[in-house]
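Subject: Structure for your files

Hello,

The structure is below, followed by notes on what was found in it. Please keep the two together.

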Amino acid sequence: MFYNPAMAGDRDLAVALARARFGADTRRSSGWEVAAATGVRGLRLLHESAAFKSFFLTEANDEAAQVLARNAARFPGATTEQRDGRVPPTTGPFDYVDVDPYGTPAPFVAGAIGAVRPGGVLAVTATDMMVLAGVQRGACERRYAARPIRGRLSPEGGLRILLAYLAREARLQGRSVRPLLSYTRDHHVRAFVEVNIAVAAADPVDVIEPETWGGPSVGDQGPYGPLWLGPLFNGDLVGELSLPPSAARVKETETFLVRLREESDADVPFYYESNRLAGELRLRVPPSLPSLLGALRGKGYRAARTHARPEGFRTDAPRPVVETVARSFEPS
Ligand SMILES: C[S@@+](CC[C@H](N)C(=O)[O-])C[C@H]1O[C@@H](n2cnc3c(N)ncnc32)[C@H](O)[C@@H]1O
């Protein structure tokens, strides 16, 4: 039976998002968890956010579906069904749909997008990081129709490939997606996106050509993508996220939320790391993160730490400015 305690902090974030987005203690919204296993994710959302009136949980495996039904029986508003989550139920559409399967979410995405009410939220986890982060490049091209980034920026590259994939699948159904909160964490990536009737504006999805790319080094094996190159966060919503009273990982979730709030002020694609910059510029001493952030902000640029790496920072400063600032701290 699948139950992963390492995802407890991840579920805390889902509860925080549901409370902020749908209103804690409103009990108005409807949800569907597509591949629910024991039901811990959907049932926590139903019970702890109190934003949902009803939550439907589906699970294909025989044994898991029986455990799911027993667990859900204790929670008013929860209903379960043993079924293939790739096929949306007729009881939709839902305000919130959560796709948290093993490995790739790709087989579930089309059905899930179609099952979200316009203005609702789709949450998607991908754990196939060998594929999304480029160890299995051919598989990434086949599964997501995108060329992955290798190296330290590869998890964020994978997240941006997933977002581009969601955007493409949504367009096929006359819909569009806009990220509310998307992040890389441990060995997975996760995106919460708002789903709407397609907007006329094109999606910020593009290929990165290393020769013309002006941001942090992504390697020279490009072109990379197509990648989502728009924001990862809806800054207003991220500003409203708060630690759920029921959080299972209090310290971890609080720290993560603080970091996301800071990061949403400099929500640009990819991040620099001081020691990597120092290596690329042949500096003797990597500049400290606070001094780099302070100097960039002092020049009027946005700059913030990122959840993706403890020593990473995002900035909208052009790369030559970042390099000049980094060099300015080199002891003479
Ligand atoms: C990673 S687990 C789900 C974990 C759960 N979301 C949580 O937070 O604990 C994936 C589950 O998807 C189920 N599954 C696999 N294929 C499925 C399908 N086509 N439809 C519904 N469930 C499926 C598996 O049996 C397994 O229990």
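**Ligand site**

Around the ligand there are 20 residues, and Glu33, Glu59, Asp84, Gly85 and Asp100 come nearest; a residue counts as near if one of its heavy atoms lies within 4 Å of the molecule. This is a predicted model, in which local features need pLDDT of at least 70 and side-chain atom pairs count only at pLDDT 80 or more, while totals for chains, interfaces and linings use all residues. Residues are numbered from 1 along each chain as its sequence is written, and side-chain values use heavy atoms, with hydrogens and water left out.

By class, the shell has ten nonpolar, two polar and eight charged residues. Here Ala, Val, Leu, Ile, Met, Phe, Trp, Tyr, Cys and Pro count as nonpolar, Asp, Glu, Lys and Arg as charged, and the others, Gly among them, as polar.

- Asp84, through a polar side-chain atom, at 2.9 Å
- Gly85, through a backbone N or O atom, at 2.8 Å
- Ala60, through a backbone N or O atom, at 3.2 Å

The ligand taken alone exposes 600 Å², of which the protein buries 88% (accessible areas by the Shrake-Rupley method with a 1.4 Å probe).

**Helix packing**

Helices (H or I, at least four residues) and strands (E, at least two) are DSSP runs, numbered from the N terminus. Axes are lines fitted to C-alpha atoms, for helices over the stretch in contact, and angles run from 0 to 180 degrees between N-to-C directions.

Helix α1 (residues 8–23) packs against helix α2 (residues 40–49) at an angle of about 40 degrees, with the axes 9 Å apart. That makes α1 oblique to α2; angles under 35 degrees count as roughly parallel, over 145 as roughly antiparallel, 65 to 115 as roughly perpendicular and the rest as oblique. The crossing of α1 and α2 is right-handed, meaning that the near helix is turned clockwise from the far one by less than a right angle.

Helix α4 (residues 106–114) and helix α7 (residues 154–172) cross at roughly 45 degrees, their axes coming within 10 Å. α4 and α7 are therefore oblique to each other, and their crossing is right-handed.

**Backbone**

Most residues other than glycine have a negative phi, and most peptide bonds are trans. Ala37, in the loop between β1 (29–33) and α2, has a positive phi near 50 degrees. The peptide bond from Gly92 to Pro93 is cis, with omega near 0 degrees; Pro93 sits in the loop between β3 (78–82) and β4 (94–99). The bond from Gly225 to Pro226 is also cis, with omega near 10 degrees, and Pro226 lies in strand β9 (residues 224–228).

Regards

How values were computed: A polar contact is a pair of N or O atoms within 3.5 Å; within protein, one must be able to donate a hydrogen and the other to accept it, and residues adjacent in sequence count only if both atoms are side-chain atoms.
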